[in-house]
Amino acid sequence: MNLNSNPLAHRTTLTIPRAENVFQDVRRISAQWLTKKFGSAPFTSGHHHLDKVSVLTNQAAYLADGAEQAIRLQLREDKPDATWRTTITAVTFEDASALVSVGLEVFPNGDAPLSPGRPGLVRDLVRDLKPMDGLALMTLDTLDVSAENVDALVDVLCDPTRRMPVIVAARPVRTDLVWSERMRRTTPHCAGAASLYLLEDTDAVDAFREMIGEHHRVAPGAVRTFLTGVDPAWPKDGPRHRFLTMARMSDPTDGAWFGLARTVQRISTEAVLPEALRSLSFPDAGQRHREERQAALAVVRHTDELVMMRNDVADLKALLAQADEELKEAGRTAELSARTVISLEEQLHSAMERADGDMEEALRALDDVERARAEADVLRRRLRDAGRYEATVVVEQPQGVPDSFEDLWERLSAFEGVLVTAEKAKALELDEADRARVWAAKAWNALRALDSYAQAAKEGFNGGFYQHCTSDRQGAVNWPLKQLAMTESDTTMNMWGSERIFPVPAEVSRSERMEMQAHLKLDSKGSTSPRVYFMDDTKGVTGLVIVGYIGPHLTNTKTN
């Protein structure tokens, strides 16, 4: 994390359908969590210093009849590396239901890397409060699904009121210790961010496949994360719901399983906070305390005048000290709020720029499609005019762009002029991101452009890849120049050049590694901003373009 990053590191929002004792339960679970950290957990209203750097603030909102409507517990820890603020909020409704939210904000004090995790009390809240997400029960572990119950699971997946992902795993045909251990370690970290289901045997797998359809199925040993809005009748909806195969889940060297919890926690954090929590406000607890103290001052004391005056002075001093403390806390809160506003404005600006870029690329892709369609129509007419009617019919429809980097990797053989030596695992990390499908499609088009250039070079084209992208030769696949960099800056290479040394064939270099500076940009916003690094060997020993890296943005002068 950095000073300009979003301070919201984690948020979980739980819906409690039956919440008779929700405030009591939230306070109890929070007290257990705080006691482990500080040895105590005061729950009277106001500010409480737990140690030299930690302040706990307790607030409550009340109905007209005096009953509690909402509570908020906020722990602020002003540590040297950052200010860490954990907020626990609960609000009840007339139908006896409730919402409980746990948020963690991190405000860094420097550029040192931070790795905030989900607050541990989230699991305890899920365990004790029995939250629901539409039709789905939120649990700490997977719920077994038999063949007879897959219809209920499909109802959960297609439920329009569901807000969070559903993770569906299918038990392997044969027991696999690596698979079992990874599922055991993953599911607790998904609690509160996704509902969890396990197809218990092959009968359940087959029944689920028959009901949900081929494009949304979960094979034995696979784990699939279903987002909201599942549409089993639309094949193109299938790739939207990412899955891990049995091979990857059981491979001790493959770390993709870590992404299961990271993905659902990210979705939970980015989800819109319900209106009831967004609009919730709490009365000034300090004002209430001052009124109570002032009322006490007005009580007639049956003591001598001097003692009464001394007591009054002591009470007034306490009021002043309390006011100073409240002003200090209000100032700190305002400072953190200002940093949050700045971060949100930066995110909005970045999102608008990205939307503009996506629109431009979509229009460019549409133009390419229309040109290809017009060219295909011309060729079909020529074939018909020549009497070759059978040649105008395409029996096997060509595949579209890949839906993921895993899919892209399986189709690399389609490129005759490109040799990919890049590390597969690094590329597959990109599949965890919410823009993975966009990046995979762009990476495919990037490889198409490099392959088009390699074919042109083989046919006698004398320019380099940059010149290829500026040419208007018939049939050439180009790449936008503003998303192409043929070199890195001297500063970048002097400081981080070692990151840009990638594998090449032995006939190109004895060390089987060479520096690559030329790269294609798959995105320009965000910390990931994937890159494709390549070396032009079309006029060398291989006659190919060698792609040495596909993955997240490497370190440079602009890296946070």
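1. The buried residues of helix α3 pack against several other elements of this predicted model. These are the strands β8 (136-137), β9 (143-145), β10 (166-170), β11 (195-199) and β12 (223-226), together with helix α5 (202-212).

2. Which residues of α3 are buried? Helix α3 spans residues 150-158, and its buried residues are V150, L153, V154, V156 and L157. They lie on the same side of α3, because they cover an arc of only 155° around the axis.

3. Is T57 buried or exposed? Its relative accessibility is 12%, and T57 therefore counts as buried, since the term applies under 20% relative accessible area.

4. The surroundings of T57 include residues from other parts of the sequence. Leaving aside neighbours within four places in sequence, T57 is in contact with G46, H47, R72, L73 and Q74. With one of these, H47, the side chain of T57 makes a polar contact, side chain to side chain, at 2.8 Å. As for Q74, this residue is 17 residues from T57 in sequence, while the C-alpha to C-alpha separation in space is 5.1 Å.

5. The last point concerns the surface. Here M359, L363 and L366 form a nonpolar patch, and their accessible area together is about 310 Å². M359 lies in helix α10, which covers residues 305-385. Because its relative accessible area is 52%, M359 is classed as exposed, a term used for values over 50%.

Conventions
Residues numbered from 1 in each chain as written. Predicted model: local features only at pLDDT ≥ 70, side-chain atom pairs only at ≥ 80, totals over all residues. Heavy atoms only, no water. Buried < 20%, exposed > 50% of the residue type's maximum accessible area, 1.4 Å probe, protein only. Helix = DSSP H or I, 4+ residues; strand = E, 2+ residues; numbered from the N terminus. Arc of directions from axis to C-beta. Contact = heavy atoms within 4.5 Å. Polar contact = N/O pair within 3.5 Å; in protein donor to acceptor, adjacent residues only side chain to side chain. Patch = residues over 30% accessible without salt bridge, like charges linked within 9 Å, V, L, I, M, F, W, Y side chains within 5 Å. Areas by Shrake-Rupley, 256 points an atom, 1.4 Å probe, with all protein chains shown as cover. Salt bridge = Lys/Arg side-chain N within 4 Å of Asp/Glu carboxyl O.
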